[in-house]
Amino acid sequence: MRKESSDCIDIMHLRIRALMILASAREAAIDPMPAEALHKLAYFSNLLAPLWNAPPLDGKILRLKRGPYYPDLQRQVDILVAMGVIRLNNLRYKKIEDQDTWHILADYSLDIEASNPILNCILEWEEERNIYSFIRELVMAFSMMSDDDIGRAETQDATYSSSASGYGNVIDFGEWQIDNPSVNAAEYFQRIVPDKIYLSRSNKLKLFVDHLGYRMASGESL
């Protein structure tokens, strides 16, 4: 019974995370959001959660050439589509290089009438308001990038692109061990600014995302 209760909580957290990302994308005027971008932002929301003193929903990820992908999150997104909470368009097939299979992908946006009552209920909780403020800041920072750059942002991320983990291996940045080079990089900005300047967590997040964009624009590689 305890296991079933835990599974239900995990499912709800995944659904809430999807709703928060898509609600933030609507505010940032980058919806409908391609499935690929949704999974990348879900990855960065897990990776950078410590900046908000929040635990990641998942502190590990399988390193794939296609980029971050969460099967459990996708399953919950599909259920929310069936429930009418999320709308999809631009349905398409895409060959997945790592698995030599084809996946059905789509672009996602929220049905405002169906999703707003759910979000309003979620945001009654202080902890969820804190998480939502983080997700909004994250999505807003990434919205300054082009679609192509969002689509390859993980290639410049110190955690995902680390040579310590080959493709097909699990990257652990907060599950069993605390080793998060990306958060370390975000925190590093505080050490290189003049002493009298204090960087807020929002500043560090934006500087981190801007740095990813700079590296892609300059053609640098890790």
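Trainee: Which residue stands opposite Met33 in β4?

Mentor: Tyr108 in β4 stands opposite Met33. Please note that this is a predicted model, in which local features need pLDDT of at least 70 and side-chain atom pairs count only at pLDDT 80 or more, while totals for chains, interfaces and linings use all residues. Residues are numbered from 1 along each chain as its sequence is written, and side-chain values use heavy atoms, with hydrogens and water left out.

Trainee: How many bridges join β3 and β4?

Mentor: Strand β3 (residues 86–96) and β4 pair over nine bridges, again in the antiparallel sense. In this pairing Ile86 stands opposite Leu110 in β4. The three strands form an open sheet in the order β1-β4-β3.

Trainee: What makes β1 and β3 edge strands?

Mentor: Each of β1 and β3 pairs on one side only.

Trainee: Why is β4 called mostly covered?

Mentor: A residue is buried under 20% relative accessible area, exposed over 50% and partly exposed in between (1.4 Å probe, protein chains only). Of the ten residues of β4 (101–110), seven are buried.

Trainee: How do you know that the buried residues of α4 line one face of the helix?

Mentor: The buried residues of α4 (112–122) are Ser115, Leu119 and Ile122. Seen down the axis of α4, these buried residues fall within an arc of 55°, so they line one face of the helix. The arc is taken from the directions from the helix axis to the C-beta atoms. The face turned away from the buried side carries the exposed residues Glu113, Pro117, Asn120 and Cys121.

Trainee: What makes the peptide bond from Asp31 to Pro32 cis?

Mentor: Omega of the bond from Asp31 to Pro32 is near 0°. Pro32 lies in the loop between α1 (2–27) and β1.

Trainee: Which residues lie nearest the centre of the second largest pocket?

Mentor: His13, Ile16, Glu127, Glu128 and Ile131 lie nearest its centre, among 14 lining residues. On a 1 Å grid over the protein atoms alone, a pocket is an open set of points where a 1.4 Å probe fits, with protein on both sides within 12 Å along at least five of seven lines, and lining residues have an atom within 4 Å of a point. The elements that give two or more residues to this lining are α1, α4 and α5 (126–142). The largest share, four residues, comes from α1.

Methods: Two strands pair if DSSP finds at least two bridges between them.
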